[in-house]
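Here is a short briefing to read alongside the model. Have the sequence and the 3D view open as you go through the points.

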Amino acid sequence: DFHMEQNGELMQEEKMSTISGCIMARNEEKLISGCICSLKPFVDEIIVIDNGSTDQTRKIAESYGCVVYSSPDSDVDKGRELYLRYAKMEWILILDADERLDTAKVKMLKDALDNASPSVWQFRIPWFHYIGEGKFVETSTAARIVRNVKGIKYNNFSIHASLTDSIKEMGGRSEKLHFPLHHFDVICGRRTVAKREKYRSKLLHTIEDYKINRENYGVLENIYVQYLFLGVEYTAIGDYATANKYYDIVIESKDSTCEMAKLYKAFSLYESGEYKLSYDLAQDMFYRNSFRENVYYIIMEIEMKNGKFEKALKISNDVLMSYPQVAHVQLNHGILLENTEPESALKCFWNAINLNPCILDEFVYSKPVYPNIYSFQCPITSSFTNIYHHLAQSMRKLERFEEAQYWEYKEHEKKNLRSEL
């Protein structure tokens, strides 16, 4: 493609990447509109796979111009194969109905895709899971932004199926991109008990099936990931002994996921009140540079419980120096500093807000719903109240009273909203 410059020379036009937005949904009439509106600015088409809805999900999606295909009888993760089949654009961007994107990031994503090396087939992106009361857990996810390459497919696991195995097998690379995905499942108040029971049952079935029918699974399909997820499910319902049994299976395997299993076990031990065991495991991981940005929370909280504030502050500062791009690290450090160094605390709070603007949204202060798989992983200090309170407190310390009053008013609004929810 060419265009004519004023001087008469032919100049080649820059190629713009095209994107298919893909959503899998079932009975999501309350959430699907917000998801589509969040996705629309980024994409050239939206494909919705309707997984057997009996409500207005399909009608709503069609009203926004989405192309809707029915897959009423398939498992959710198997049904996702359909949007891989129908997507027409160069890249695929995948969302669930309870997820949202920051529409201020359109140019960033377009630039990243336009400049991506041909060998990059997927991006690992931050994934913020909101658990209520303003708290969140940041993980990362791959296979949500993928090249539309013939042959990529989801693996054979019925829960948390992934495209990553096939992408690796075909030689595609993964790169990191700070393009946050916001996940609101826990504060949407939806079917958490039934969902957790369903996931435990399916994970147990998959593990048993894998033992019997190993030949049905691909070379790269890692069964230890399923053990890991099963441990997480049992931690979520407070069955810590069973959870730790599954984490230990992964740890003893020396599989590539064993460090993640140690992280979850450290949090599980902390949740169950086994502080000494949790502290020792967290310390070992911290000094081996394994998930430092998460596991430090356990060390910091236990030092605080033991009255060792200076030790907690030092470890927080060490992590901040290494992980300034992690929102909860900035938030925690600001809370530790707000009484003694309010100027530095404010800087940390604004950094946290820039990394995750949703912490200013009143909706994330909704009441959490249990059981869920994220609350036990939350690395935000127990001293956290809400971002409005911490901003106001730091500003009062600095005698910036008008600004403090503004954030106190916002906190009051938040409390009123929560009482209505």
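Predicted model: local features only at pLDDT ≥ 70, side-chain atom pairs only at ≥ 80, totals over all residues.

Of its 421 residues, 54% count as buried.

**Overall shape and fold**
- The chain holds 17 helices and 11 strands.
- Its C-alpha trace spans about 70 × 60 × 45 Å along the principal axes.
- The radius of gyration is 23 Å, which agrees with a compact globule, because a chain of 421 residues folded that way would have a value near 22 Å.
- Among contacts in the chain with a separation of 6 or more, 68% are made by residues 24 or more positions apart.

**Charges**
- The chain carries 52 positive and 61 negative charges.

**Cysteines**
- How many disulfides does the chain have? The count comes to 0, taking a disulfide as a pair of cysteine sulfur atoms within 2.5 Å.
- Cysteine 348 is one of the residues to look at here: it is in no disulfide, and the nearest cysteine sulfur, that of cysteine 378, is 17 Å away.
- Is cysteine 348 buried or exposed? With a relative accessible area of 5%, cysteine 348 is buried, since buried means under 20%.
- Cysteine 258 also counts as buried, because its relative accessibility is 11%.

Note on methods: Residues numbered from 1 in each chain as written. Heavy atoms only, no water. Helix = DSSP H or I, 4+ residues; strand = E, 2+ residues; numbered from the N terminus. Rg over C-alpha atoms; globule rule 2.2 N^0.38 Å. Buried < 20%, exposed > 50% of the residue type's maximum accessible area, 1.4 Å probe, protein only. Contact = heavy atoms within 4.5 Å. Lys, Arg positive; Asp, Glu negative; His and termini not counted. Charge placed at Lys NZ, Arg CZ, Asp CG, Glu CD.
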